[in-house]
Amino acid sequence: MTDLSKKPYNLSASQIDFVKQKVASMSTEAKIGQLFFVIGEDEENTDLKEFVKKYQPGGIMYRPDAAKKLQHEIATSQEASDIPLLIAANLEAGGNGLVNEGTWLGRPLQVAATDNPENAYNLGNVSGYEAKQVGGNMSFAPIVDLDLNFRNPIMNSRTFGSDKDRVIKMSDAEIEGLNANHVIPVAKHFPGDGVDERDQHLLSSINSLSADEWMESYGEIYHHLIENGLPSIMIAHIMQPAWEQKLQPGIEDKDLRPASTSKLLIDGLLRDVLNFNGLTITDATPMIGYNAIMPRSEALPATINAGIDMILFNKDIDEDYKFVTDAVADGTISMDRVDEAVTRIIGTKVAQGVMNTDCELCEPASSDIDLKLAEHEKLAAKVATESVTLVKDRDNLLPITPKKYPRVRLVVLGDNDDGGFKEGGKVTAKFKEKLEEKGFEVTVFDRQHLNFQEVFEGGVQYEKDQFDLAFYVANVETASNQTTTRLDWIHLMAADAPWFMKDIPTVFVSTCNPYHLFDIPMVSTYVNAYTGNDVTIDALLRKMTGEEKFIGINPVDPFCGRFDTRL
């Protein structure tokens with residue numbers, strides 16, 4: 001059984017006695033409820049009190065919503081719960097991960113580009129503070145993955161980069177900022193995303209490093225965090241075949257499992273090898289990477305039996321509860337294993353100050369909300385100033401000024417919203433407005449209404465007659481359930497591609513994915529901004545117009561390991 005006197009719990013004898021007595025007194029239904037980390041329901045569609053009393057979940061994860069609305073929904077749910085709830089959100093880039101009005105401080109890769117752990121602390125501090133204002137107490141962050149494959153469509157700008165030492169340094173600081181607000185950090189995505197070029201939302205992706213390579217990279221990161229008392233880890237639908245094969249020699253390929261259903265990777269690698277004693281939570285189980293590996297009725301019990309304590313999200317909540325209830329009833333999941341999981345859940349809630357030994361919520365949200373947005377915006381501006389990175393300026397086009405290039409053609413790629421929980425929205429209007437404020441005459445390339453003459457008949461002079469500088473912005477965001485973050489030119493003649501870049505000055509900026517040189521290696525000037533918030537666009541344009549120096553560093557290889565991108 002779990003030793004609550006050891007890290008990450010470090011509970012006193014009286015606290016341990018409370019946890020044991022609480023678990024012993026709970027009904028089987030209440031224990032099963034604690035295993036589930038459900039999606040936040042909308043009070044406009046669901047009776048929240050009835051929902052919480054019926055399912056008795058251990059935690060609720062929320063997507064971003066209005067602060068006042070969230071505050072009321074979370075308070076209502078906490079009041080209805082016999083055991084205080086874990087309230088989580090993806091606080092990856094700021095308080096906007098929970099609160100619509102919250103601060104978008106900057107994506108982790110942008111923070112890494114500052115090479116300044118103070119900014120990572122601010123990321124955790126701002127995220128934690130703003131979440132706490134509405135009742136949040138858990139962060140599904142920091143992201144401690146390594147960005148080792150530039151083709152990976154889900155991670156790149158969500159990581160602290162490819163250097164394990166920088167990931168550790170930044171993660172430590174972000175955790176410190178979260179802890180300052182009594183918000184529980186949950187490191188993700190074990191056993192490590194960023195190796196495969198595919199997305200675990202769509203299939204069980206693979207961390208294909210050898211066992212030794214894994215231990216020297218991801219393993220070192222997790223070992224460091226565990227030694228420092230990390231309370232919780234999110235378990236991904238990602239395979240790590242080398243470690244399963246090491247722990248069970250002769251295992252057949254067909255029996256390899258993603259970590260979310262693998263006893264070898266959880267009870268074996270994570271708990272026995274890395275000595276993790278804390279709380280484990282799956283990544284979202286509606287993902288195809290979870291459901292395609294085995295029937296869901298078998299996968300949910302396999303998850304608990306693997307040593308994982310909480311199941312994130314449901315497909316059909318009644319069906320999922322029945323799958324687990326039936327598995328407990330027929331002995332597929334033993335009550336000892338249920339008690340172990342519930343002990344970790346309750347132990348974490350006590351150790352992290354979510355609940356006391358009177359089973360009361362320790363820190364209810366205040367009735368007032370003060371997000372400190374003006375103060376936090378200054379911290380975001382600091383990140384922006386320190387992060388924007390000049391990757392190359394081969395032909396010395398910078399600085400750009402209205403005197404040198406009075407007429408600018410602005411071409412924005414990827415500025416659309418097709419779901420996938422994208423974060424940044426659109427940037428076209430922002431860039432146009434801010435360039436015009438600096439004195440440029442800006443025309444936006446209209447992808448919806450192509451100029452036939454330009455596409456099929458216009459030559460170099462035709463383009464020169466219209467603009468002096470082509471300013472490209474790629475706002476191609478990482479997002480769930482997409483297979484690529486590559487540049488996708490208009491399929492008709494690649495009509496928006498800069499075929500004229502050898503004749504007309506052309507600059508290229510990315511507000512997210514740092515790897516676009518792979519698709520446009522011949523461009524002269526390339527800048528990575530990492531985040532498309534207002535303060536970053538402001539900093540970017542100050543630097544491009546010569547008002548401010550570029551000081552950001554490359555936290556990954558933006559040249560993608562190729563010679564042509566450097567030319």
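This is a predicted model: local features need pLDDT of at least 70, side-chain atom pairs count only at pLDDT 80 or more; totals for chains, interfaces and linings use all residues.

Biologist: How are helix α1 and helix α15 oriented to each other?

Modeller: The axes of α1 (residues 13-25) and α15 (residues 335-351) come within 10 Å and cross at roughly 135°. Angles over 145 degrees would count as roughly antiparallel, and 65 to 115 as roughly perpendicular. The two helices are therefore oblique.

Biologist: Is the crossing of α1 and α15 left-handed or right-handed, and how do the residues of the contact divide?

Modeller: α1 passes α15 in a right-handed crossing. On the α1 side the contact is made by Q15, F18, V19 and V23, and on the α15 side by D339, V342, T343, I346, G347 and V350. By class, the residues of this contact are 6 nonpolar, 3 polar and 1 charged.

Biologist: Which way do the residues of strand β16 point, and are they buried or exposed?

Modeller: In a regular strand the side chains alternate between the two faces of the sheet. In β16 (residues 525-528), T525 and V527 point one way, while Y526 and N528 point the other way. Buried means under 20% relative accessible area, and all four of these β16 residues are buried.

Conventions:
Residues are numbered from 1 along each chain as its sequence is written. Side-chain values use heavy atoms; hydrogens and water are left out. Axes are lines fitted to C-alpha atoms, for helices over the stretch in contact, and angles run from 0 to 180 degrees between N-to-C directions. Helices (H or I, at least four residues) and strands (E, at least two) are DSSP runs, numbered from the N terminus. Angles under 35 degrees count as roughly parallel, over 145 as roughly antiparallel, 65 to 115 as roughly perpendicular and the rest as oblique. A crossing is left-handed if the near helix is turned anticlockwise from the far one by less than a right angle, and right-handed if clockwise. Contact means heavy atoms within 4.5 Å. Ala, Val, Leu, Ile, Met, Phe, Trp, Tyr, Cys and Pro count as nonpolar, Asp, Glu, Lys and Arg as charged, and the others, Gly among them, as polar. Buried means under 20% relative accessible area, exposed over 50%, partly exposed in between (1.4 Å probe, protein chains only).
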